[in-house]
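Hi,

Here is the structure I promised to pass on.

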Amino acid sequence: MMRKRGRPVVGAISGFFLGLLLAIDLLLFSVVALDSILVLVLPILGLVVGIALPLIARRSAAGATTPEVTRAGATPPPTGDYVAAAPPNDEAPDATTGAPGEPAPSS
Amino acid sequence: MTRRSWWRPGWWRLAAVPAAVALPLLLSAEPAAAELDGPCSASGVIDGTTYDPKTADEFDGLPRKGDVDWTGSVTPAEGPPRATKGHVKVKLPGGIGEVTVGSWSEPDDEEVSKSDVYEYDLPAVVEGIPIPITGVHEEPGVRCEGSVTVTIGDGGFGNPATIPALVLTALSAGLLVVSVKAGA
């Protein structure tokens, strides 16, 4: 079984510290003043981005696994690019056997 | 029907890194110039250099420790004597507040000018950080407001905290990438 991509909790922690440290770097290099709103915004932005990116990656990975599931005969039917990639026999279950993609028994 | 072609795994990860670096730079602004409003004057001399908010725009590269010969004066509207009060504050990170580093309040003040020598010794980790300082002096008919952003030393790699901060920044960025790719 394929594991889900993305770890939002780790992403939140690392994103928060990435934002905080970026703010510190900007301060140390005199890019922003100590009272700049960026010193507050960057850690919060990092936290949000750190949560969002793993969730997006997870969603993206879930979308990528869709064709394998549909080719195995499970619902829902394939959509998008995978419709064109699927063989014609996959479009509907065989009426005789009930299994998709299997040839009908000869009489 | 075609799946959204822009929704390819990886493109947003590539875009996120430069965006994360560029956004702060785009949003950042130059530290405010020094200014002093009202019938007041204030200045300090450090290592032979005079720092006056009415004549200087930048207070950069101040020594981390030393003596400052400071002087302040006001043209009173009444008296003397008259009631005077005022304060000097340092703004906190993110503008979440201020810390009062000095204040005065006298009900019968007869002086219109003061001067002294102040010895200071700041920690090395503040080097390079633009620190905003504000001051107010009030008395009947007079209100003076001043602000200045001082930067100690050259900052950058002269600050002992810079390299550890950059290393930790890189580690955090790496951990963020791992958190996105984890479980693949």
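B:Tyr120 sits in strand S8 of chain B. Keep in mind that this is a predicted model. Is B:Tyr120 partly exposed or buried? B:Tyr120 has 13 other C-beta atoms within 10 Å, so it counts as partly exposed; the cut-off for buried would be 20 or more. Setting aside neighbours within four places in sequence, the contacts of B:Tyr120 are B:Lys65, B:Gly66 and B:Val68. B:Asp67 is 53 residues away along the chain, yet its C-alpha atom is 6.3 Å from that of B:Tyr120.

S8 of chain B covers residues 113-121, and zero of its nine residues are buried, so the strand lies largely in the open. S8(B) runs antiparallel to strand S5 (residues 65-74) of chain B, with nine bridges joining the two. One pair to click on is B:Gly72, whose bridge partner in S8(B) is B:Lys114.

At the S3 end, strand S2 (residues 40-46) of chain B pairs with S3(B) in the antiparallel sense through three bridges, and B:Gly44 has B:Tyr51 in S3(B) as its bridge partner.

Then there is strand S10 (residues 142-152) of chain B, which pairs with several strands:

- Strand S1 (residues 35-37) of chain B runs antiparallel to S10, joined by three bridges; B:Asp37 has B:Glu145 in S10(B) as its bridge partner.
- Strand S4 (residues 59-62) of chain B pairs with S10(B) in the parallel sense, again over three bridges; here B:Leu62 has B:Ile152 as its bridge partner in S10(B).
- Strand S9 (residues 130-139) of chain B pairs with S10(B) in the antiparallel sense over 10 bridges; B:Val136 has B:Glu145 in S10(B) as its bridge partner.

Look at B:Glu145 while you are there: it is the bridge partner of B:Asp37 and also of B:Val136. S9(B) and S10(B) form a hairpin with two residues between them, and B:Gly141 in the turn has a positive phi of about 80°.

As for chain B overall, it has two helices and 10 strands, running α-β-β-β-β-β-β-β-β-β-β-α from the N terminus on. Of its 184 residues, 22% count as buried. Among chain B contacts between residues at least 6 apart in sequence, 68% join residues at least 24 apart.

For contacts in chain A between residues at least 6 apart in sequence, the share joining residues at least 24 apart is 51%.

Now for where the chains come together. Which residues touch the most other members of the largest nonpolar core? Of the 31 residues in that core, they are A:Ala23 and A:Leu27. Helix H1 (8-28) and helix H2 (38-64) of chain A, together with helix H2 (162-181) of chain B, each supply at least two residues of the core. H1(A) gives the largest share, 12 residues. Beyond its neighbours within four places in sequence, A:Ala23 is in contact with A:Leu38, A:Val39, A:Leu42 and A:Pro43.

H1(A) also packs against H2(B), at an angle of about 150° and with the axes 8 Å apart. That angle makes H1(A) roughly antiparallel to H2(B), and the crossing is left-handed. Residues meeting across this pair include A:Phe17, A:Leu18 and A:Leu21 on the H1(A) side, with B:Leu166, B:Leu168 and B:Leu176 among those on the H2(B) side.

Cheers

Key: Residues are numbered from 1 along each chain as its sequence is written. Chains are lettered from A and ligands numbered from 1 in the order in which they are written. This is a predicted model: local features need pLDDT of at least 70, side-chain atom pairs count only at pLDDT 80 or more; totals for chains, interfaces and linings use all residues. Two residues are in contact if their C-beta atoms, placed from the backbone, lie within 7 Å. Two strands pair if DSSP finds at least two bridges between them. Helices (H or I, at least four residues) and strands (E, at least two) are DSSP runs, numbered from the N terminus. A residue is buried if 20 or more other C-beta atoms lie within 10 Å of its own, exposed if 12 or fewer, and partly exposed in between; C-beta atoms are placed from the backbone. A nonpolar core is a set of buried Ala, Val, Leu, Ile, Met, Phe, Trp, Tyr and Cys residues joined through C-beta atoms within 7 Å. Axes are lines fitted to C-alpha atoms, for helices over the stretch in contact, and angles run from 0 to 180 degrees between N-to-C directions. Angles under 35 degrees count as roughly parallel, over 145 as roughly antiparallel, 65 to 115 as roughly perpendicular and the rest as oblique. A crossing is left-handed if the near helix is turned anticlockwise from the far one by less than a right angle, and right-handed if clockwise.
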